[in-house]
Amino acid sequence: MGHGIAQVFAMAGYDVWMRDIDEKILENALNKISQSLRKLHSKGRLKEDPDLVISRIHTTLDVKEACENADFVIEAVPEILDLKKKIFSEIDSIAPAHAILASNTSSLPITELAEATKRPDKVIGMHFFNPPVILKLIEVIRSKYSSDEVVNFAMELARKIGKDPVLVKKDSPGFIVNRILGAIIHEALWLLEDGYSVEEVDSACKFKLGMPMGIFELIDFIGIDVVYHMMKAMIDRGAPFELTELIINLFNSNELGIKSGKGFYKYPAPGKRVKPSLTPLAGKNVNSIEILAPAINEAAFLVKEDIADMSDIDKAIKLGLNFPYGIFEIADSFGLDNVLNILNGLYNKRKFKIYEAQSNLKSLVDNNRLGRKTGHGFYNYDVTVEELDSIKIIYEKPLAWIILNRPDKLNALSVRMLNEISEAVDKIEKNKDVRAIILMGAGKAFCAGADIKGFDRMTATDAFKYSLMIQRTFEKIENCGKPVIAAVHGYALGGGLELAMASDLIIASKSTLIGQPEIGLGIIPGAGATQKLARLIGVFKAKELVFLGEMISTEEAERIGLVNQVILDNEIEFIARKLGLKLSKKPPMSLMIAKYVINYGKDIAEKIGKIIEALGFGLVRSTDEAAEGIRSFLERKKPKFS
């Protein structure tokens, strides 16, 4: 780490003295710096001659030679508080009176280091992230004594060397990144105690949450000894984490991860990293909200105690942990009510302090500021709600939600609701800001079927016309040029299941019950189920569902191909949004053509269907979307489809 920091400053034009305890260590550091500089130069990321940069780096074994003329000193010795305090005291006696003394510690208290000097106002934390040449983040940590002048200087210096600093306004265990990471590690360890496997938790981290690697994969990569000491240091200074016997035993057994050849995973040999084989399916039963709920609570604590600003915390998580979103952005996407419910459940289960919900989090929930779904949470969002008699339309650019809103009737389909759904689809299809539509039900159910009030007064002709009307409404969803997701929970029965089948993708919560129970009323499905089910799951399974009228689980529905994915109950909205946002980044014209080719091609001869596909291929090839996609592929960059 130290030689990387020296390289960063030298690349920014500063003269640097690099001091260590052994000449071989310094020689090795210079070799690594030279290799790094030449590699950067060959890739065009360093314009200056590498030899000129190296000429600005001086090495010495003598602390006095290194520090006696320094303006700014950065300490980067091992994370041992007494060692750091001794070094700070020594540097303080040597460096000029104006010099600022900084520590690269990742979790030790800056205030205690400042107290080891006679210039506490000029001591500050400046935590780089590894590798410092590549990663942009620096945590600048104010101690109890740091002057405003010194803090501002450190922030500006970080920017001058090409970094993106965040300010930790109070000296707090773990600062920002390690405090949040510690909470994630805490919960991951306790999920193992609940019976989940390492692979299941890591799969949920990677594929549900979009983390660059699983949390246990990361711990093995960092080193179990490093993580253990980091967690202990934070716990000893008041962080509310609880270690499990498993990680303590791994540490005591010297099973330290990649470096020892064994940790949470096994490796071919010490130091030989092999990525674990993880699949999305492995983590399907691990609640992704639970993994991050304690971290969200800790982030709320940092804001409540004015340790860091919300924007800096989110920046730190994205730059320091390489998360796709900040922790508060993720919380708002989860739904803060869901986060609070998880925390309350965990507290009732384990009684750990980390699960005691912070007052600012509880206040947001009490005031119905639940995140993206209400337009307000930790952040404010451009969300507009249009309330009709029996549905709500929520515009959350680039998504539109159609919410069936008769919760007291389990969202039974009335004629008015069907008309409003039809009008909503027409309206949303014309909205260029909307790239995907999500169908969902308010309350305890997606939709329990048709509202059978009035069925007893229907004539045969009335029933025929009613059936055609429902079919036309659902066909409008099928023919919509935008992708439609049905996010199903509670019940999807009769017309509710037929509504879901009109969508392009169906995700369903684990406890949902699905079925076509009309036969029990002495009638048959009337909104297309007899035809759709036969095409989706085969004639015999279709007959079983329709003839018996029995409800099936979503696991069975997934097994037979009736739903795309089964989701844990309180993840349904989060996963629906995530899927909708993923679709919104795809080329809209190509999605529409693919949808039409699949929908209309499935009912005709394969040869004719292939001709339709070829025509569709020719059509989309002529679009700007295709030009952007092909060009981006050849230039090895991500396409941006408008």
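Two strands pair if DSSP finds at least two bridges between them. Helices (H or I, at least four residues) and strands (E, at least two) are DSSP runs, and their numbers start from the N terminus. With that in hand, look at Phe72: its bridge partner in strand 4 is Ile100.

Some housekeeping. This is a predicted model, in which local features need pLDDT of at least 70 and side-chain atom pairs count only at pLDDT 80 or more, while totals for chains, interfaces and linings use all residues. Residues are numbered from 1 along each chain as its sequence is written, and side-chain values use heavy atoms, with hydrogens and water left out.

Now the chain as a whole. Its secondary structure comes to 27 helices and 17 strands. The C-alpha trace spans about 100 × 55 × 50 Å along its principal axes. Of the 642 residues, 52% are buried; buried means under 20% relative accessible area, exposed over 50%, and partly exposed in between, with a 1.4 Å probe and protein chains only. Contact means heavy atoms within 4.5 Å. Among contacts with a separation of 6 or more, 69% are between residues 24 or more positions apart.

Back to strands 3 and 4. Strand 3 covers residues 72-75 and strand 4 residues 100-103; they run parallel and are joined by four bridges. Together with helix 5, residues 81-94, they make a right-handed β-α-β unit. Right-handed means that, with the strands pointing away from the viewer, the path from the first strand over the helix to the second runs clockwise.

Strand 11, residues 436-441, is next. Why is strand 11 described as largely enclosed by the rest of the structure? Because six of its six residues are buried. In a regular strand the side chains alternate between the two faces of the sheet. Here Ala436, Ile438 and Met440 point one way, Ile437, Leu439 and Gly441 point the other way, and all are buried.

Strand 11 has partners on record here. Strand 10, residues 399-404, runs parallel to strand 11 and is joined to it by six bridges, with Ile402 opposite Leu439. Strand 12, residues 484-488, is also parallel to strand 11, through three bridges, and Leu439 stands opposite Ala486 there. From strand 11 the chain crosses through helix 19, residues 460-479, to strand 12, in a right-handed β-α-β crossover. Strand 10, helix 18 (residues 415-429) and strand 11 make a right-handed unit as well.

A further sheet is open, with three strands in the order 13-15-16 and mixed pairing. Its edge strands are strand 13 (491-493) and strand 16 (552-553), each pairing on one side only. Strand 15, residues 513-515, is antiparallel to strand 16, with two bridges between them, and Ile514 stands opposite Ile552.

Now some helices. In helix 1, residues 2-11, seven of the 10 residues are buried. Just after helix 1, Gly13 takes a positive phi of about 100°.

Cys205 lies in helix 9, residues 198-208. Is Cys205 buried or exposed? Cys205 is buried, at a relative accessible area of 0%. Beyond its neighbours within four places in sequence, Cys205 is in contact with Gly210, Met211, Gly214, Ile215 and Ile291.

Last, Lys532 sits in helix 21, residues 529-537. Lys532 counts as buried because its relative accessibility is 18%. Leaving aside neighbours within four places in sequence, Lys532 is in contact with Glu478, Met501 and Ala502.
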